[in-house]
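Me: I'm new to this one. Can you walk me through it, piece by piece?

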Amino acid sequence: MRTPIDLVQALQNRRSIRGFKPEAIEPGVIREILNLANRSPSYTNSQPWEVAVVSGKTRETLSRTLYELAASNAPANPDLPNPESWPDAIAQRTKTHNIKRFEHLGIGRDDKERRKEMRLKNFEFYDAPYALFIFMDEGCGAWSTMDIGGFTQSISLAAQAYGLGTCMQASLAYYPEAVRSALGIPANKKLLVGMSIGVPDLEAPLNAYQTARMELNEFVRWYE
C-alpha cells in the first residue's frame, strides 16, 4: 500500500540500500512505481527509457551468470564506458568515500578477499527480490542519458512511498551481452544501469554507512 510521503522528506531520506529483507513484493507495486517514474521529464518528450524487470527464476539465473563472470574476473565491457579519470576534487571525494565505506565495515585496505566479497554482492542484487535493467536505444544520444538519469531518480523516490529501497548499480551493466542474452534483448538496446529494489534491511551493516555530502558553497555560484 502506498504511504503519503513528502517530496522533501523523500529527497532527504533517499540512500543506496545494500541489504534487503527476503520479503516478496507484489508485481503491481513495481508497476505503479514505474508508472510514476514515467512522468519524468525528457527532451522533447522522447521518453527514451526501456526497462527489464527481473524476478523469480530469471533473477536467480541472471544473478548466477553475472556473479560467475565477476568472480572469475572476466573483463567488464559496459555499453556506457566507465570514467577513466576524474577532476581532482571529484577524485578526492570518490577516494574518501571508498576508504570510509570499507573502514566502516572493518575491511582493511589490503584485505583483497573481503573487498572482492563485498563487490560480488552487487551481482546477488544485495538479496533484493527484484532487479531493474534500464536500456536505451543506440540511436539516442547524450541528452537521453540525462533523461534516463532523471527517470532512475524518480524510481528511487517513488519506491519510498511503498516502503521500498533501491540501489543504482553501475556494476550490473558491466556485462551487457550476458544480460541481453539472458533476457532476449536485441543488441541495439544499450544497457545503462541496473537497480536492485526491495524492502530495506536497515540492520544490514552495509546500510549503516552514510555518505558525506558537499556543502552548498562547494557546488553553487550565485549571480545577481
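Me: Which backbone oxygen lies 2.6 Å from a polar atom of the side chain of Ser63?
Reply: The backbone oxygen of Phe123. A polar contact here is a pair of N or O atoms within 3.5 Å; within protein, one must be able to donate a hydrogen and the other to accept it, and residues adjacent in sequence count only if both atoms are side-chain atoms.

Me: What should I know about the model itself?
Reply: This is a predicted model, where local features need pLDDT of at least 70, side-chain atom pairs count only at pLDDT 80 or more, and totals for chains, interfaces and linings use all residues. Residues are numbered from 1 along each chain as its sequence is written, and side-chain values use heavy atoms, with hydrogens and water left out.

Me: Back to Ser63. Where does Ser63 lie, and is Ser63 buried or exposed?
Reply: Ser63 sits in helix α3, residues 56–71. Helices (H or I, at least four residues) and strands (E, at least two) are DSSP runs, numbered from the N terminus. Ser63 is buried, at 9% relative accessible area. Buried means under 20% relative accessible area, exposed over 50%, partly exposed in between (1.4 Å probe, protein chains only).

Me: And Pro81, buried or exposed?
Reply: Pro81 counts as exposed because its relative accessibility is 63%. Pro81 is in the loop between α3 and α4 (88–104). From Pro81 to Met214 the C-alpha separation is 26 Å, and they are 133 residues apart along the chain.

Me: New topic. What domain does UniProt list for residues 12–198?
Reply: An unreviewed UniProt entry gives "domain: Nitroreductase" for that span. UniProt positions are in the numbering used here, feature names are shortened, and annotations may be inferred rather than shown by experiment. In the model, residues 12–198 are 44% helix and 15% strand, and the end C-alpha atoms lie 19 Å apart.

Me: Strands next. Which strands pair with β2?
Reply: β1 (residues 50–54) pairs with β2 in the antiparallel sense, over five bridges. β4 (residues 189–198) also runs antiparallel to β2, joined by eight bridges. Two strands pair if DSSP finds at least two bridges between them.

Me: Which residues stand opposite each other there?
Reply: Ala52 stands opposite Phe133 in β2. Ala131 has Ser196 in β4 as its bridge partner.

Me: How many residues of β2 are buried?
Reply: Seven of the eight residues in β2 (130–137) are buried.

Me: What about β3, how many bridges join it to β4?
Reply: Five, and the two strands run antiparallel. Gln169 has Gly194 in β4 as its bridge partner. Four of the five residues in β3 are buried.

Me: Now pockets. Which residues lie nearest the centre of the second largest pocket?
Reply: Asn13, Arg14, Gln160, Leu164 and Pro200, out of 15 lining residues. A pocket is an open set of points on a 1 Å grid over the protein atoms alone, where a 1.4 Å probe fits, with protein on both sides within 12 Å along at least five of seven lines; lining residues have an atom within 4 Å of a point.

Me: Which element gives the most to that lining?
Reply: α6, with three residues. α1 (7–13), α6 (142–160) and β3 (165–169) each supply at least two.

Me: Say more about Leu164. Where is Leu164 found?
Reply: In the loop between α6 and β3. Leu164 is buried, with a relative accessible area of 6%.
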